[in-house]
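Open the model in your viewer and switch to a cartoon view. Keep the selection tool at hand.

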Amino acid sequence: MELGNIKRVYLIGVGGIGMSGLARYFLHLGCVVCGYDKTSTPLTDELRSEGVCLIFDDYAAIIPISFQTPDSGTLIIYTPAIPKDSQILNFFKNKGFELFKRSQVLGIISKSMFTVAVAGTHGKTTTSTMIAHILKDSGKDCSAFLGGISTNYHSNVLYGKNNIVVVEADEYDRSFLTLYPDVAIITSMDADHLDIYGDHSHLTESFKLFASQIKPGGKLIHRKGLPLEAGFTYAVEADADASASNVRIENSDFYFDFSNGATNISDIRMGIAGMHNIENAVAAIEAAFLLDVDANAIKNALGSFKGVKRRFEYIIKNDHQVFIDDYAHHPEELKAAIRSVKKLYPGKKLMTIFQPHLYTRTRDFADGFAEALDLVDELIILDIYPARELPIEGVNSDMILERMKNWNKRRCGKQEAIDIVKKEKPELLLTVGAGDIDQLVQPLKQALQDV
């Protein structure tokens with residue numbers, strides 16, 4: 001496939017965060033962009049308003065005529081999350097089209113560019129977005145393909161005028177093995193996606209393969225303690241090649257000092273909250289130094305960084321109520337989010353609403369979820385969001401509740417959760433999950449604000 005020849009692009013599963021970024025990229029290049037997804041969302045509404053032709057019914061008969069015959073100017077992209085019996089997917093297969101995974105196309109786009117790739121079972125979206133913001137804000141510039149909506153730029157894809165690209169490297173389905181970066185960052189390698197990998201050792205093996213694909217002369221940056229043989233390490237309040245120290249909270253803002261042995265930066269104010277985000281910032285700073293960004297420019301950029309939608313995002317923040325929404329869907333992510341909230345607001349009772357994501361993940365990590373959720377004061381747990389999966393007998397949200405020591409917990413539906421919040425008016429509310437719990441954010445905000 002030659003990118004320069006592409007005139008038409010069809011994306012199967014266009015509503016996903018990674019796929020929608022590609023849709024926007026090809027639309028920016030002047031291509032005709034169409035796509036299918038099973039559900040209309042605010043993101044697909046935005047794509048439609050930007051000029052993407054969308055359908056929400058899996059019927060091959062409504063595919064546009066211009067996409068009926070294979071040719072060198074037509075590109076078909078699909079996500080592995082699409083069911084194998086999809087009519088639209090099989091239409092293109094049966095017509096003889098060559099189908100490309102999202103990760104393959106990202107690999108082709110980034111192949112000829114100076115690529116900064118951020119991988120990790122968690123932390124990669126915020127870290128990659130942070131690096132892109134530092135490069136943009138400092139004037140260094142870059143393009144970027146992000147795994148979330150940047151609050152600063154209101155998009156998941158950024159366009160630059162140079163040859164630098166920042167990409168989120170997704171470990172799901174081994175997608176990141178299509179990338180050959182100049183700078184690779186690995187934030188974490190906790191067990192996840194065991195439906196794909198089988199066990200933790202195979203996941204670890206894939207991360208090591210990703211690290212081995214760095215271009216000659218390139219650099220690996222990784223969190224200290226990961227089972228990787230080489231690379232530049234980083235940590236918070238610990239001995240590493242680069243580290244954050246003197247971490248403190250002043251007026252609800254996080255501050256820290258940075259050192260990598262060659263350069264020190266004092267009193268860095270973070271534009272976003274969370275101890276885990278300080279760790280992400282240390283990695284981002286080191287990546288920025290490799291691209292010759294000035295220390296003062298980095299410090300200023302971190303102060304103006306507003307984060308990523310659904311990553312420790314403040315929905316309400318005043319003297320009486322705080323409501324934070326987060327994408328956490330793995331036990332370690334939950335622990336990081338909950339601990340950060342409690343560190344910021346130690347005197348407030350924390351109500352948390354959690355929606356488990358995937359039956360396999362719930363089954364595999366039920367003990368870990370219970371341990372993490374025992375940190376909250378009051379828990380409301382929703383039913384499991386299945387995403388691409390079919391139900392597994394005996395696997396449900398009660399698996400987590402039964403393992404918890406905290407007695408202040410209940411399982412309920414979405415409307416009941418809204419009603420509970422409306423009645424109790426918690427002073428500190430945290431919503432967490434990677435499913436469709438984001439659709440509750442505005443109703444919950446309204447419930448909190450209703451007199």
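This tour of a predicted model goes from strands to helices to aromatic rings.

**The sheet**

Start with the open sheet of ten strands. Follow its order: β8-β7-β9-β6-β10-β11-β12-β13-β14-β15, with mixed pairing. Neighbouring strands are turned by 20° against each other on average, direction ignored.

Select residues 114-119 and 164-169. These are β6 and β9, a parallel pair with six bridges. Find Val118; its bridge partner in β9 is Glu168.

Move to residues 232-236 and 242-250. Here β12 and β13 run parallel, joined by three bridges. Val236 has Ala244 of β13 as its bridge partner.

Arg248 is bridged to Tyr255 in β14. β13 and β14 form a hairpin with two residues between them. Check Asn251 in the turn: its phi is positive, about 55°.

Select residues 200-212. This is helix α7, lying across β6, β9, β10 (183-186) and β11 (219-223). Its direction is at about 160° to β10.

Next, select residues 366-373, helix α12. How many of its eight residues are buried? Six are, so to speak the helix is mostly covered. They are Ala366, Gly368, Phe369, Ala370, Ala372 and Leu373. Show what covers them: α10 (331-344), β18 (350-355), α11 (359-364), β19 (378-381) and α13 (398-403) are included.

**Aromatic rings**

Display the side chains of Phe, Tyr and Trp. The structure holds eleven aromatic pairs. Zoom in on Phe91 and Phe92. Their ring centres are 5.3 Å apart and their planes are at 75°, so this pair is edge-to-face. Both residues are buried.

Go on to Phe176 and Phe210, a stacked pair: 5.0 Å centre to centre, 5° between the planes. This pair links distant parts of the chain, 34 residues apart. Phe176 is in the loop between β9 and β10, and Phe210 is in helix α7. Phe176 counts as buried at 1% relative accessibility. Phe210 is buried too, with a relative accessible area of 0%.

Then select Tyr10, Phe67, Phe91, Phe92 and Phe97. Ring pairs link these residues into a cluster.

**Charges over rings**

Last stop. Arg311 lies over the face of Tyr327, 4.1 Å from the ring centre. Lys317 lies over the face of Tyr314, at 4.5 Å from the ring centre.

Methods. Residues are numbered from 1 along each chain as its sequence is written. This is a predicted model: local features need pLDDT of at least 70, side-chain atom pairs count only at pLDDT 80 or more; totals for chains, interfaces and linings use all residues. Side-chain values use heavy atoms; hydrogens and water are left out. Two strands pair if DSSP finds at least two bridges between them. Helices (H or I, at least four residues) and strands (E, at least two) are DSSP runs, numbered from the N terminus. Axes are lines fitted to C-alpha atoms, for helices over the stretch in contact, and angles run from 0 to 180 degrees between N-to-C directions. Contact means heavy atoms within 4.5 Å. Buried means under 20% relative accessible area, exposed over 50%, partly exposed in between (1.4 Å probe, protein chains only). Rings of Phe, Tyr and Trp (its six-membered ring) pair if their centres lie within 6.5 Å; planes under 30 degrees apart count as stacked, over 60 as edge-to-face and the rest as tilted. A charge sits over a ring if NZ of Lys or CZ of Arg is within 6 Å of the ring centre and within 35 degrees of the ring normal.
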